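Let's take a walk through this model, one stop at a time. Keep the structure open while you read.

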Amino acid sequence: MKKDIASLGDIGLYAEKSKSNQKLLVKPKPLTVSAVFDAFKTIAMMTGNQVQSKKVDKIKSLITSSSPIESRFIMRSLAGKMRIGLGEKSLLQALTQAYLIFKDESNAKLVGSDKFKEKLAKKSLLLQTAYCECPNYDKIIPTLMEHGLENLSKFCFLTPGIPLKPMLAHPTKGVQDVLERLEGAKFTCEYKYDGERAQIHLNDDKDTYIYSRNQENNTEKYPDIVKLIHEIVSPNVTNFILDCEAVAFDVSTKQILPFQVLSTRKRKNVDESEITVRVCLFAFDLLYLNSESLVTKDLSERRELLRQSFNEVEGKFMLATSKDLSDVDAIQEFLEESIKSKCEGLMIKTLHDDATYEIAKRSRKWLKLKKDYLEGVGDTLDLVPIGAYLGKGKRTGVYGGFLLACYDEESEEFQSICKIGTGFTDEDLSSLSASLKESLVAKPKSYFLFDDSLNPDVWFEPSQVWEVKCADLSISPVHRAGVGLLDDTKGISLRFPRFIKLREDKKPEDATTASQVVDMYRNQESVKSGDGGAEAAGTAGSKEDENDYY
Ligand code: AMP
């Protein structure tokens, strides 16, 4: 079976094919959408003894009742590999369009016109905001039909226990770049901790939930944090949503430990008595307090409420170290201090002007200033391995090099950006090679964009995100990142890419986007000053720096 699945490149197609060959004596009852959804939900919530076999039973009964084509989509959904080429953004846009036509049929004739596009953009932001605060179509769509788009925010809002999309940060190239972007606005600089985002919710019943950057429920992973919450809240606090970074912490030396240490913690069924890696929470924002949403308040106000509502416990719960600075030298000094304290750099956030908690739009109000900018490109990139080259020499038996791609949100394609073979330890190579083997496919996916000359030995279904550093970005005749944005046929590639770490908290669709790659390319000093845009010769980021291991 495994062999057949690998050669078909899709577990769904395999299920469909097997189903077509099966003769049934009795035709099963037709599946309904809600029954399938309920079964998926039951599978997702199953825990405890023999959970694996219970899940298998549930899947078996779904497949038994399905037609061949239904089994294709059921299997793909279960494997998290639907990839029908429709992202969340397009879905929300389509929903807005459907709503506008439902409200006023004459809108149907305007679709495609500039006036309609403008209206659609404005209205879909309302829907996106509601979706970010309350990501639940079961609630949003009936509310939309009954109360209208304008009233959505009155019914679909932040609720402790429902994770919201976190505010993200924008990369910068240095202190000067930060000052230019913020144009005189007052801001604060906070340490940028290198751990895992933790969105902590407490509801009226005093239940605690901890969610990851991707809204995954991490509560089971952190029984120590669940216990801690009750120690740190002030008596007047009844419910809240708090934004923090959970960081591995050495209690005896009172030192922050690297992210790699945190990633060794168990994820499921963690018993507090077996925890060896201690975490300290560094809180940096408060989004909801005592039944009131704070996302439309300025950071200065949110921060004040955060300080009033929680009590620090050394080594367990601390407020992010911050300073409200404006002077270049002082920021530079604080950046160096943050790195000495084992942080990744600084987060710079506006305090009063344009300082709400922005979730639906990609915000420029939070800027990140990482130490990496000192050594080249302002930030690292998060990229997806889509292919690999078999290792040679010392790397025989594992993959020696990989083909990486960025994600284009518009076309929903993965576009090749570089080959990489540097920065890996031997352990990295063997563990990455082993985990990628699970995602092998016989041929490249239809949504990969690459040049045939890259010719990897194997292809992967997008499944992982890697953080990568590079010397600079250049226009490439071979790679396709951002193709069409700067040049009709050429894309952008990374020079001297180097593997930093696996980003376990990111999905392939959360990788650096094609337009971010283009922004990074344009922001390079050499490009800004007009002497850049140097074309990389041949395959960019290629063998000379890879020691010929692939
Ligand atoms: P990046 O993942 O490199 O884009 O950086 C953004 C991430 O930094 C956030 O998602 C948080 O997990 C993390 N982070 C660490 N310290 C802070 C802070 N003081 N404010 C906001 N985010 C922070």
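Set aside the neighbours within four places in sequence, and Ala-39 is in contact with Lys-58 and Leu-62. Bear in mind as you click around that this is a predicted model. Ala-39 sits in helix H3, which covers residues 33-45. Is Ala-39 buried or exposed? Its relative accessibility is 8%, and buried means under 20%, so Ala-39 counts as buried.

Helix H4 (residues 51-65) packs with helix H5 (residues 68-78), their axes 9 Å apart and at an angle of about 155°. Angles over 145 degrees count as roughly antiparallel, so that is the label for H4 and H5. The crossing of H4 past H5 is right-handed. Which residues of H4 and H5 meet? From H4 come Ile-59, Leu-62, Ile-63 and Ser-65, and from H5 come Glu-70, Ser-71, Ile-74, Met-75 and Leu-78. Sorted by class, this contact has 6 nonpolar, 2 polar and 1 charged residues.

Now for another helix pair. Helix H6 (residues 88-103) and helix H9 (residues 137-147) have axes that come within 11 Å and cross at roughly 20°. Angles under 35 degrees count as roughly parallel, and H6 and H9 are therefore described that way. H6, too, passes H9 in a right-handed crossing. On the H6 side you'll find Glu-88, Leu-91, Leu-92, Leu-95, Tyr-99 and Phe-102, which meet Tyr-137, Ile-141, Leu-144 and Met-145 of H9. The class tally for H6 with H9 is 9 nonpolar, no polar and 1 charged residues.

Next, the nonpolar cores. The largest one has 36 residues, and those with the most contacts inside it are Cys-189, Tyr-193, Ile-331, Leu-346, Ile-348, Tyr-357 and Leu-369. Which elements each supply at least two residues of this core? There are helices H11 (175-182) and H15 (328-340), along with strands S2 (187-192), S5 (240-250), S7 (279-289), S11 (345-350) and S12 (366-370). S7 gives the most, with 5 residues.

Not counting residues up to four places away in sequence, Ile-331 touches Val-175, Leu-179, Phe-187, Cys-189, Leu-325, Ser-326, Leu-346 and Leu-369. Among these, Cys-189, Leu-346 and Leu-369 are also on the list of core residues with the most contacts. A second, separate core has 31 residues, including Leu-383, Tyr-399, Phe-424 and Phe-499.

Finally, have a look at two backbone details in loops. Lys-342 is in the loop between H15 and S11, and its phi is near 70°, a positive value in a residue other than glycine. With 46% relative accessibility, Lys-342 counts as partly exposed. Asp-354 lies in the loop between S11 and S12, with a phi near 50°, which is again a positive value in a residue other than glycine. How exposed is Asp-354, and what is its relative accessible area? The value is 57%, and exposed means over 50%, so Asp-354 counts as exposed.

Definitions and conventions
Residues are numbered from 1 along each chain as its sequence is written. This is a predicted model: local features need pLDDT of at least 70, side-chain atom pairs count only at pLDDT 80 or more; totals for chains, interfaces and linings use all residues. Side-chain values use heavy atoms; hydrogens and water are left out. Axes are lines fitted to C-alpha atoms, for helices over the stretch in contact, and angles run from 0 to 180 degrees between N-to-C directions. Helices (H or I, at least four residues) and strands (E, at least two) are DSSP runs, numbered from the N terminus. Angles under 35 degrees count as roughly parallel, over 145 as roughly antiparallel, 65 to 115 as roughly perpendicular and the rest as oblique. A crossing is left-handed if the near helix is turned anticlockwise from the far one by less than a right angle, and right-handed if clockwise. Contact means heavy atoms within 4.5 Å. Ala, Val, Leu, Ile, Met, Phe, Trp, Tyr, Cys and Pro count as nonpolar, Asp, Glu, Lys and Arg as charged, and the others, Gly among them, as polar. Buried means under 20% relative accessible area, exposed over 50%, partly exposed in between (1.4 Å probe, protein chains only). A nonpolar core is a set of buried Ala, Val, Leu, Ile, Met, Phe, Trp, Tyr and Cys residues joined through side-chain atoms within 4.5 Å.
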